[in-house]
There are 2 protein chains.
Amino acid sequence: MAVDSVACADCPLRAVAIFKQLPASEVALIQSLRHAQMHRPAGAILIEEGSNYPSLYTLFGGWAFRYMSLSDGRRQILNFLLPGDFIGLQQNIAGGASHGVEALTDVWLCPFPKDTLWELHRQAPELGYDITWLAAQEEGVVDNNLLSVGRRNAKERLATLLVILFKRAAALLPTAKRTEVPFPLTQVHIADALGLSLAHTHRTLRALEQLGLHRIRDGWLSLPNPLAIARVADIWGDGVPEQRPLI
Amino acid sequence: MAVDSVACADCPLRAVAIFKQLPASEVALIQSLRHAQMHRPAGAILIEEGSNYPSLYTLFGGWAFRYMSLSDGRRQILNFLLPGDFIGLQQNIAGGASHGVEALTDVWLCPFPKDTLWELHRQAPELGYDITWLAAQEEGVVDNNLLSVGRRNAKERLATLLVILFKRAAALLPTAKRTEVPFPLTQVHIADALGLSLAHTHRTLRALEQLGLHRIRDGWLSLPNPLAIARVADIWGDGVPEQRPLI
DNA sequence: CGACGTGTTGATCTCTCTCAATTAGAGTGG
DNA sequence: CCACTCTAATTGAGAGAGATCAACACGTCG
């Protein structure tokens, strides 16, 4: 993952099948707005909760998550961010949601100045449309999490999270290597994402493992029986869009 | 609420202070894309859960809500839609979130053809930017709900919902009339929005009422002690943006 | 070596759910 | 005008999923 500001045109992410191909002119526009790539260690706060107009980033490498917390420290993880995800949209554009963003692993970021959103819309309507697409897509992910936390029990929530993260992570890997995917979450992250206590998360995790529905070892996740765990999760479609824009 | 396709330029909603003023040219563009206004009764399904590229609407009058459900019937309300909200963004733009939309009261809608999103982006970057703003804003609302459902207990959830809905509804009223706001939700809606059972929702509602934190009568909500209920909800900012775009 | 993060596990408690009934309008049709 | 139906609100009793609290094990790291 050694990165010395790879040019957007040569971006290895763009070679991954899930990302939509862009015309060279649009890639050039993105390149012209972008700053040099930067690195942040695992655990770093990428966007402070409550900050009003923070920077924008494309997550180039590593995982992160968005979260909100209550004044007494209770924290809810809203969704996880994987390579290719765009960071800072909500805060930058609509002061509304005052969530924070934290690096789950070491991350590499492509930073953009604050007025990038407007420039993209103005100079390339297609990219403006793509930004809207990304916003709508991320809301869909949060919708799913809300359904889980509101109406699924602990086993179902866990199954849902594992299935969805597996699919998202697998989509970034070469087809041949999709038997297991990187899984950097600790049980604390899982608990905070699912609205469960740490103890209960642990017990439920063990219960599902005993049923042969998942296996997490050394930061890798595999799903020995994808159909069975999807059935527990009550998921029909696959949830991962065929192709998505990459800004 | 008699409506025979009021022209966008004369739209009474645009006169409300929370809505951003648009240049006449942009209002004209919106008008040119829009179909004649339509009415739907309370309880009508405006967008079927799982439908792929449904119509787009601006909610002109009445309340609605977005929801998702599990195969056994459990339902989660994702967020409520009030006049001025844009409907159908997520499904239309990113096949991702397969949620439904249901009318909570009788509603009046301004329908737009499916390619409107793209046309707005292409013909008026400012409006494209506004669309993105709306998407980001709505995601912020869902973020808040996820925080509630994941990490707040029943009393806190209820307090949060009442405070936020009160503010959103009040912003649509003349300043002088903001002591009470329309409140068309039944306890079933509240329960489904908060991830609680109906019975517990009812008991918690009564408990908060006994504390003098709210009063719901004949479809109207008032908050006798706004500071106290906001304290229970653990809300600091006001959550309602000063000005928002109206498409 | 002590501090810390992460995982693990037991015991106990309680918030919230489930199930079941009852009451009170509002609407409908004869 | 009355039986009938339906929705929404209400209330009680009992049960259970998940929370809380408290230890302990293990590995890493300064």
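Okay, so chain A splits into domain 1, residues 8-145, and domain 2, residues 154-233, with the bounds coming from an automatic or database domain assignment. Quick housekeeping: this is a predicted model, where local features need pLDDT of at least 70, side-chain atom pairs count only at pLDDT 80 or more, and totals for chains, interfaces and linings use all residues. Residues are numbered from 1 along each chain as its sequence is written, chains are lettered from A and ligands numbered from 1 in the order in which they are written, and side-chain values use heavy atoms, with hydrogens and water left out.

Taken over C-alpha atoms, the domain centres sit 24 Å apart. At the interface, 15 residues of domain 1 contact 15 of domain 2, contact being heavy atoms within 4.5 Å. Together the domains bury about 1,400 Å², 69% of it on carbon and sulfur atoms; that's accessible area (1.4 Å probe) lost on putting the two parts together, summed over both. On the domain 1 side, A:Trp63, A:Arg75 and A:Phe80 supply 38% of the buried area, more than any other three residues.

We get two salt bridges between the domains, meaning a Lys or Arg side-chain nitrogen within 4 Å of an Asp or Glu carboxyl oxygen. A:Arg168 forms a salt bridge with A:Asp85, with the closest N and O atoms 2.8 Å apart.

And which strand gives the most to the domain 1 face? That's E5, residues 75-81, with five residues; strands here are DSSP E runs of at least two residues, numbered from the N terminus.

Note on methods. Helix = DSSP H or I, 4+ residues; strand = E, 2+ residues; numbered from the N terminus.
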